[in-house]
Amino acid sequence: MSDCLFCKIIAGEIPSKKVYEDDLCYAFYDISPMAPTHFLVVPKAHFASAAEVTEENAPVVGHIYAVIAELAKEMGFSDGYRVVTNVGELAGQTVHHIHFHVLSGKQLGSFN
Ligand code: 5GP
Ligand code: ZN
């Protein structure tokens, strides 16, 4: 999508600090971290949010979770981590290209 921030990051048109990349997804550090380690994982194929997951595009979501599990091992998140995806205004979604926040390195607060 031409006017999508994360599509531009995936294309390298906007710089980012890469964590991981393969044919299906791209992971990069959040510009405004909410934990000592905070990165985002996005599918390379654009869709807006978890509300647009279908039987067709669901495999990339499973792939992203497998990538996150592997990165968590490699990065030593043995004490735990959180994976979050915000959907829509009430959840505070600001970028409308589905992304999975991965947070670790401190005790994370409970939801309210
Ligand atoms: P959301 O609020 O949509 O769930 O999360 C969007 C995330 O993208 C935010 O945590 C925000 O800090 C991050 N973000 C926004 N613009 C940029 C950017 O240009 N580069 C990077 N690396 N992260 C960004
Ligand atoms: Zn996009």
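Reply: A term to start: donors are N, O and S atoms within 2.8 Å of the metal (3.2 Å for Na, K and Ca), and water is not among the atoms, so sites may look incomplete. This is a predicted model: local features need pLDDT of at least 70, side-chain atom pairs count only at pLDDT 80 or more, and totals for chains, interfaces and linings use all residues. Residues are numbered from 1 along each chain as its sequence is written, chains are lettered from A and ligands numbered from 1 in the order in which they are written, and side-chain values use heavy atoms, with hydrogens and water left out.

Me: What spacing do the donors of the zinc ion (ligand 2) follow along the chain?
Reply: C-x2-C-x38-H-x50-H. The protein donors are Cys4 (SG), Cys7 (SG), His46 (ND1) and His97 (ND1), at 2.1 to 2.3 Å from the zinc ion.

Me: Why is the arrangement around the zinc ion called tetrahedral?
Reply: Because the four donor atoms subtend angles of 102 to 117°. Four donors count as tetrahedral if all angles lie between 85 and 135 degrees.

Me: Cysteine 4: buried or exposed?
Reply: Buried, at 6% relative accessibility. Buried means under 20% relative accessible area (1.4 Å probe, protein chains only). Cysteine 7 is buried too, at 14%.

Me: On to ligand 1. Which polar side-chain atom lies 2.9 Å from an oxygen atom of ligand 1?
Reply: One of histidine 99. A backbone N or O atom of tyrosine 29 lies 2.9 Å from a nitrogen atom of ligand 1. For isoleucine 31, a backbone N or O atom is 3.3 Å from a ligand nitrogen.

Key. Tetrahedral: all angles 85-135°; square planar, octahedral: opposite > 155°, others 65-115°. Buried < 20%, exposed > 50% of the residue type's maximum accessible area, 1.4 Å probe, protein only. Polar contact = N/O pair within 3.5 Å; in protein donor to acceptor, adjacent residues only side chain to side chain.
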